Amino acid sequence: IFISIVGLRYLIKKEYIHLSVDFLYLKKMIDFGVSLIPHKLANWVVGGFTLLLISNYMTPNELGLYATAVQFSVVLMALFAAVNNAVTPHLFDLLNNKYKKKSFIYFSFINLLFIGFATLAVAYLSEMLISAFFHIDYANSIKYFIYVFPVSFLYGVSLLYMNYFVYYKD
């Protein structure tokens, strides 16, 4: 952090960077960002609330098994986030061009198919990984896959539709 501050100060002093604030643009950024806060908080609340419910109704061992299943679904969510970041420019290009409406529909369909197949593939591979590399005590975490992987699927779908929301709000 210190090096970044020193470097930024140097760039400002040498006038490579000019600091100015456009309050109209800042207001638009705040308006847009504030509308996304509930979406981001919902992920945290749902995750914490789920663990809270499970911890009240299940043993610590069951909670550990559920947490193991959740860790496998986090891998899938990271994959969806990476793919979303990669395809967003192409999606915005399709949305900007009114003549590519058919391509946009195909793109959305292919993206949804990818999300579905990736969810099934990671769920299957996770079962194989748990069976092959984890202690036998973790094999029971497979029973929680039916709860965590649909949530991962919905996360991938929500990323796709969040891009539409961002595009049309902008």
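User: Is Y147 buried or exposed?
Analyst: Buried means under 20% relative accessible area, exposed over 50%, and partly exposed in between, using a 1.4 Å probe and protein chains only. Y147 has a relative accessible area of 54%. So Y147 is exposed.

User: What kind of model is this?
Analyst: Residues are numbered from 1 along each chain as its sequence is written, and side-chain values use heavy atoms, with hydrogens and water left out. Local features need pLDDT of at least 70, side-chain atom pairs count only at pLDDT 80 or more, and totals for chains, interfaces and linings use all residues, as this is a predicted model.

User: How many aromatic pairs does the structure hold?
Analyst: Rings of Phe, Tyr and Trp (its six-membered ring) pair if their centres lie within 6.5 Å. Planes under 30 degrees apart count as stacked, over 60 as edge-to-face and the rest as tilted. The number of aromatic pairs in the structure is 7.

User: How far apart in sequence are the parts that the pair of Y66 and Y144 ties together?
Analyst: The rings of Y66 and Y144 sit 5.7 Å centre to centre, with 90° between the planes, so by the cut-off their pair is edge-to-face. Y66 lies in helix α3 and Y144 in the loop between α4 and α5; helices are DSSP runs (H or I, at least four residues), numbered from the N terminus. Y66 is buried at 10% relative accessible area, and Y144 is buried at 5%.

User: What type of aromatic pair do Y144 and Y147 form?
Analyst: A pair of aromatic rings is described by the distance of the centres and the angle of the planes. For Y144 and Y147 the values are 6.4 Å centre to centre and 45° between the planes. That makes the pair tilted.

User: Which residues form one aromatic cluster with F72 and F134?
Analyst: F72 and F134 belong to one aromatic cluster.

User: Which residues does L91 touch, not counting residues up to four places away in sequence?
Analyst: Contact means heavy atoms within 4.5 Å. Leaving out residues up to four places away in sequence, L91 touches F104, F107, N163 and Y164.

User: How far apart in space are L65 and A139, C-alpha to C-alpha?
Analyst: L65 is found in helix α3 and counts as buried at 8% relative accessibility. Beyond four places in sequence, L65 touches D137, Y138, N140, S141 and Y144. L65 and A139 are 74 residues apart in sequence, yet their C-alpha atoms are apart in space by 8.4 Å.

User: About how much space lies in the largest cavity?
Analyst: On a 1 Å grid over the protein atoms alone, a cavity is a set of points where a 1.4 Å probe fits but cannot get out. Grid points are joined across faces, edges and corners, and a volume is the space filled by probe spheres set on the points. The count comes to 1 cavity of 30 Å³ or more. The space in the largest cavity is about 80 Å³.

User: How many polar residues are in the lining of the largest cavity?
Analyst: Lining residues have an atom within 4 Å of a point, and among them are F80, V87, N111 and L160. Ala, Val, Leu, Ile, Met, Phe, Trp, Tyr, Cys and Pro count as nonpolar, Asp, Glu, Lys and Arg as charged, and the others, Gly among them, as polar. The lining has 7 nonpolar and no charged residues, and the number of polar ones is 4.

Notes
Helices (H or I, at least four residues) and strands (E, at least two) are DSSP runs, numbered from the N terminus. On a 1 Å grid over the protein atoms alone, a cavity is a set of points where a 1.4 Å probe fits but cannot get out, and a pocket is an open set with protein on both sides within 12 Å along at least five of seven lines; lining residues have an atom within 4 Å of a point.
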